[in-house]
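This report goes through the sheets, a helix pair and the ligand surroundings of one structure. Please look at the model before reading on.

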Amino acid sequence: MLVASNRGPVSYEVQEDGSLAARRGGGGLVSGLSAIGPEADALWVCSALSDGDREAVRRGVGEDGVRMLDIPADVHADAYNGIANSVLWFVHHMLYQTPLEPVFDAEFRRQWASYETYNRAFAEALAHEAAEGAAVLVQDYHLCLVPGMLRELRPDLRIGHFSHTPWAPPDYFRILPDDIQARLMEGMLGADRVAFLTWRWATAFQNCVQGLDPDRWESTWPSGAPRAIEHLHDGRRITRKTFIGVHGLGADAEFLQARSHQADVEERMAALREEIGEGRKTVVRVDRTELSKNIVRGLLAYRQLLDDHPEWRERVVHVAFAYPSRQDLAVYREYTAEVQRLAEEINSQYGTPGWTPVVLHVKDDFARSLAAYRLADVALVNPIRDGMNLVAKEVPVVSDHGCVLVLSREAGAYQELGKDAITVNPYDVVGTAGALHEALTMPVEERAERTKRLAAAATALPPAQWFLDQLEALRS
Ligand code: G6P
C-alpha cells in the first residue's frame, strides 16, 4: 500500500552543527496511517519541502516507510504556490475576486507545465515503488494528475484519490480554461475511486464531470449501488468506472484527551487565564491564517457584538489564534496583516486599562490551542468554505465545561455537527454577532448536553477507521 501527498509525515531542519533534526507532523492522515501498525507494508511518498528536507534526501537520511522526492525547488514553487495554492485552492474555495482575478495568462501556462512535471515525478516514483496490484492512495489538489499518469504507467494498480478540500460547483469550475478542466478530470478519473469529506463535495465533483465531455464520461447515481463516473468509448460502450465515495474524517478522541491533559497544556491554561482576566467569558477561534477561514469577518462580528450588546464589554474576551500559513504568497501576507490591524483597532477602540477585548496570538503552539479549547465558552468556526474543519470537531472533545459551537453552514463539518451548533452564514457579520450573543447566553445545561452530542458526532469516524475504510473500499 502506498500513500502520496505533497506534505509528508516528517520534515528536517539543518542544525547549527550541521546535523539534521527530524520533526514529525500531525493531522488525520498521519494518525490514520500510523494506526494501521508498523507491520503494514506501507510506503509514503511525499515532497521535500524545506532546505533540510532536500539535504536529508542528498545525504540519504530518512525514515523507514517514507520516500521524499527532491523535485527542483523552482518546479515545486510553481506547482505548489502557483497552481495548487493560487489556482486550485481558490477555485474549490471560491475565493476569486473579480475584476482583478483570475487572469490565466502566459505565466499561468508556465506554472501549469511545472504542475504537470511535479505530478509526473510522483507518478513515476509510485510506479517504480509499487508491487504488483498494490493499492495507492493519492491525496489532495496538489496531485490531481497523478491517478491518470499512474494508470498509464501501471494499469495493474488500484488507485484512489482523496480530496481534503471542498470541490467547486460547476459554474465556478468552468472559470478554468477548457483544456485545464479536461486535464484535471483526466487525471482524477484515472483513479478507480475518488473520495471526498462530504456528499456535498462529491456531488459537486460529479456535476462538474457531467456535461464536460459527454462522449467520454457519464456521471451516474444508481439507486442501491455506489455512485460512479462511467468511462465511455464512442459515447456508448462502458469501458470502466470510477467510483465515488465519502469518508468524513473525525477527531481522534483518545489522542486529544490524553494530549490535552499534559503539563504543558495546563501551564498554558494558567497563562491564558491571566490574559483573559477573572470571571470573563471567552470566544475562541484557532485557524491557520487562511483566506477561506474568514478571520476578518469573525473580528467584525465580534466588534458588532460589542456594539449591539454593550453589556458584554469588559465581560468577554475574543481569544483568536491565527497561525501564519503560505507566507510565500502576497495575498496571505496581506491577509495576516489585516487580521492584526483589525484586532489592534478593536482593542484601541473598546479596550480599557483592565480589559483587552481581543487576545491575538500568531505563533503556532498546539499545546496553547488545546488549552484554549479546554477553556472556551464559545468556539467560532466561520469559514466561507471548508472541506471539513477539524477545529469544530476537536473543541467539543477537549472542552472542560461545555462549549457552544458557532459554525458556518459552508464548512464540511456542518453536515455532521449542524444540528447541535448555532449555525451562521459566514458572510453575514450582523447575523454572526447575533449567534455569538445567543451562544454566550445559552444556559449551562443545554450547552453541556449539546457539547456531549457534538463530541459523539465528531468522533464517529476516527482517523484510523477513516483510513481503513478507504483502503477496504478501494480493494473491494
Ligand atoms: C489544509 C487542507 C488540506 C491541505 C493542507 C495543505 O489542511 O485541508 O487539504 O492539504 O491545508 O496545507 P499546506 O500548509 O501544506 O499548504
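Six strands make up an open sheet with parallel pairing, in the order 14-13-12-15-16-17. Strands are DSSP runs (E, at least two residues) and helices are DSSP runs (H or I, at least four residues), numbered from the N terminus; two strands pair if DSSP finds at least two bridges between them. Strand 14 (358–361) and strand 17 (422–424) are at the edges with a single partner strand each, so one side of each has no neighbour in the sheet. From one strand to the next, the twist averages 20°.

This is a predicted model, in which local features need pLDDT of at least 70, side-chain atom pairs count only at pLDDT 80 or more, and totals for chains, interfaces and linings use all residues. Residues are numbered from 1 along each chain as its sequence is written.

Strand 12 (residues 281–288) and strand 15 (residues 378–381) run parallel and are joined by two bridges. V283 has V378 in strand 15 as its bridge partner. Contact requires C-beta atoms, placed from the backbone, within 7 Å; angles run from 0 to 180 degrees between N-to-C directions, with axes fitted to C-alpha atoms, for helices over the stretch in contact.

| Helix | Strands touched | Angle between directions |
|---|---|---|
| Helix 10 (residues 263–276) | strand 12, strand 13 (316–323), strand 14 | about 130° with strand 13 |
| Helix 13 (residues 366–375) | strand 12, strand 13, strand 14 | about 145° with strand 12 |

Another open sheet has nine strands in the order 5-4-1-6-7-8-11-10-9, with mixed pairing. Its edges are strand 5 (66–69) and strand 9 (217–220), each with a single partner strand, so one side of each is without a neighbour in the sheet. Within this sheet, strand 1 (residues 2–4) runs parallel to strand 6 (residues 135–139), and three bridges join them. V3 is bridged to L137 in strand 6.

Helix 11 (residues 295–308) packs with helix 12 (residues 330–350) at an angle of about 10°, the axes being 9 Å apart. The two helices are therefore roughly parallel (angles under 35 degrees).

Around the ligand are R7, D140, H164, T165, S325, R326 and G387, where near means a C-beta atom, placed from the backbone, within 6 Å. Domain 1 (2–249 + 464–475) and domain 2 (253–458) each supply at least three residues of this shell; the domain bounds come from an automatic or database domain assignment.

Technical notes
Contact = placed C-beta atoms within 7 Å. Parallel < 35°, antiparallel > 145°, perpendicular 65-115°, else oblique.
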